[in-house]
Amino acid sequence: MSQTVIRIDGPQNSVRNLTAFKDEVPEPSKHEDNVVPCSDAAGVVVFVGEGVKTLSKGDRVISTFDPTNLYGQQMNWLNGHGGLVDGALREYFTIPAAAAVKLPESSPQSFSEWSTLVCTGVTAWNALYAITPLKPSQIGLALGTGGVPIIGLLLAKAAGCTTIITSSSDEKLEAVKSKFGFDFGVNYKTHPELSKEVLRLTNGEGVDYVLENGGSGTIAESINSVKMGGNVSVIGFLSQAKEMPDVAGLALAKGAVVRGVVVGSTQLLHEVVRFVTRKGLRLPVEKELGFSADEASKAYEYLLSGTHVGKVCIKVSE
């Protein structure tokens, strides 16, 4: 299978240059303790291998999270870049041509911005469109101010929906509402029973979609926040409950769809790239650091601090 190679220039791995060779699909690394990290990449094609008809030298592209999954809703963690398969934190990065998604020849978004769609963008798009497509005038709730919540609500807002975001910080809530135009913010420390405040804001109706990344510690409040027949997409597990809630009973009481979302396919990446292009959305990159061991370490330290809003990126100098 033909493959492309990328040189990083952005976010969590933005790609700078790309190449293609006639090779096998990348196999899991034999050095499990020394895997090249980072899943997200965007950049420029520098060489195209024999038989590749869809890419040309100079094309701007991003790489899909799981190069083996071209179509459908979910991906396989075993094949994801930066897990068991070497990721994108390197100068040159090889992927199958079919796993490279072309970007517009010119656009206001930087490579760092585009790379945010590889994991978080596809995850949010999967949650909002893969099963029951989001409709204008509906209401979306996202927990937290990380990449998936911010991008998910940006997509929902651009589709004509009302948006609600949560945080433990009033300062963060005001900042994201001001910067991204979200409609409401809820401090979950001030409102530990989050669903009551969400129901108040929606006149007792509830929301249509929840991007749920708390896990057992927040799943009950997320289900209680949806309207009858609403959708809860489980995308993370950042909090833990002392006792697991009765998820089956809660879901049945609301007639809700509770679905685990594991990133998504190249198909979904194509879809979200088209949407972002047509809407001209600017994507949430909070900080860019340089391509060196020291700078990469600072990027991880900043990410672990939990003070970021949106994405933290590593970039090769122009």
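User: Which residues does the face of helix α4 turned away from its buried side carry as exposed residues?
Analyst: Exposed means over 50% relative accessible area, buried under 20%, and partly exposed in between, with a 1.4 Å probe and protein chains only. This is a predicted model, in which local features need pLDDT of at least 70, side-chain atom pairs count only at pLDDT 80 or more, and totals for chains, interfaces and linings use all residues. Residues are numbered from 1 along each chain as its sequence is written, and side-chain values use heavy atoms, leaving out hydrogens and water. On the face of α4 turned away from the buried side, the exposed residues are Glu 171, Glu 174 and Ser 178.

User: Within what arc do the buried residues of α4 fall, seen down its axis?
Analyst: Helices are DSSP runs of H or I with at least four residues, strands are runs of E with at least two, and both are numbered from the N terminus. Helix α4 spans residues 170-180, and Lys 172, Leu 173, Val 176 and Phe 180 are buried there. These buried residues line one face of the helix, because the directions from the helix axis to their C-beta atoms fall within an arc of 100°.

User: Against which elements do the buried residues of α4 pack?
Analyst: Contact means heavy atoms within 4.5 Å. The packing partners of the buried residues of α4 are α3 (147-158), β8 (162-167) and β9 (184-187).

User: What is the relative accessible area of Ile 165?
Analyst: Ile 165 belongs to strand β8. Beyond its neighbours within four places in sequence, Ile 165 contacts residues including Leu 153, Leu 173, Val 176 and Val 186. Ile 165 is buried, and its relative accessible area is 0%.
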